Amino acid sequence: MLKRLYRQRRRIILLGAGALMAALVMEGLTPVTLMAGAGGVVLAAVLVGLVPHRRHWAESLALGAIPAALMTLPPMQMPPALLPIAVSAWAVLAHYLIHGRWSDVGRLRLRVQSRRQACVTGTPAQIWPVLIPGEGHPDDHWTGTLTDYDSDPDDAMTVYLRFRGSNGLHDEMTMTILDQDAPHHCRYHLERAEGALSDDAVMEIRLTQEEDGQCRIDSQLTQDDLAPRLALAHWLDDSFGDEWDSFAATLTARRDWSLSGLRHGGAPLTT
């Protein structure tokens, strides 16, 4: 649970800061203000820990609290009793602005890149078929959701993948190997689409055998041409770190507290 909270630290900090700023507007710097900030942190932790599929409301509440607090000041001077209603209304608007698909049609696109490292017990030869799609049996893939794959008959560097989604449907992806030196290095392009919206990524993985028997996994994931809502969702989720925590937990039989399968705004690929 602590690892899950850490991965969602950006959301937790954001809601705590939003509650603190709203209280500052209304009360100034008082003990009540600090308690409000702490309450925002607790509320965000509850959302993440108990209802993770609703976690994206944390940033919406954080942004909604500030204009609601301003409404209590002159000239509006809204009664404090109406504050919860105002916060809810502004949070709904903020949620639409942040996560609504309206921005998908615009030209603004973002580039996001993440680097991660994990260590697991085993050798590169053992880890390779579990980690790289298409290099082992689908049932052995670390996600547990790879149902099948097919190599392109005309291009040995292209593999068509099918994953089982959390909603019962299947996600189909195309993996194009850009550079490979099995079982130590692989760089591939993963193509997927959310409707007509691109959510492609280039993944680079290096496996290194350590002297203590551990296998070090160095990885870098780059996504270009991301819609703003997808880039923000990936960053707030720290989803690339979440994916590798899940992988390490799978191989070492630790309990997995990642949020895989509970993702918002498309499958998380990066931070």
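R11 counts as buried in this predicted model, because its relative accessibility is 0%, where buried means under 20% relative accessible area, exposed over 50% and partly exposed in between, with a 1.4 Å probe and protein chains only. The residue lies in helix α2, helices being DSSP runs of H or I of at least four residues and strands runs of E of at least two, both numbered from the N terminus. The side chain of R11 makes a polar contact with the side chain of Q8 at 3.0 Å; such a contact is a pair of N or O atoms within 3.5 Å, and within protein one atom must be able to donate a hydrogen and the other to accept it, while residues adjacent in sequence count only if both atoms are side-chain atoms. When its neighbours within four places in sequence are left aside, R11 is in contact (heavy atoms within 4.5 Å) with A44, R55, H56, A58, E59, L236 and D237.

Residues are numbered from 1 along each chain as its sequence is written. The model is predicted, so that local features need pLDDT of at least 70 and side-chain atom pairs count only at pLDDT 80 or more, whereas totals for chains, interfaces and linings use all residues, and side-chain values use heavy atoms, with hydrogens and water left out.

The axes of helix α2 (residues 9-27) and helix α3 (residues 31-50) come within 7 Å and cross at roughly 150°, the axes being lines fitted to C-alpha atoms over the stretch in contact and the angles running from 0 to 180 degrees between N-to-C directions. The two helices α2 and α3 are therefore roughly antiparallel to each other, a term for angles over 145 degrees, with under 35 counted as roughly parallel, 65 to 115 as roughly perpendicular and the rest as oblique. On the α2 side, R11, I12, L15, G16, A19, L20, A23, L24 and E27 meet T33, L34, A36, G37, G40, V41, L43, A44 and A45 of α3. The residues of this contact divide into 12 nonpolar, four polar and two charged.

Two cis peptide bonds and one backbone angle concern the loops. Another joins A182 and P183, with omega about 0°, and P183 is found in the loop between β4 (170-181) and β5 (185-191). Q77, also found in the loop between α4 and α5, has a positive phi near 50° although it is a residue other than glycine, and Q77 is exposed, with a relative accessible area of 54%. Most residues other than glycine have a negative phi, and most peptide bonds are trans.

Technical notes: Ala, Val, Leu, Ile, Met, Phe, Trp, Tyr, Cys and Pro count as nonpolar, Asp, Glu, Lys and Arg as charged, and the others, Gly among them, as polar.
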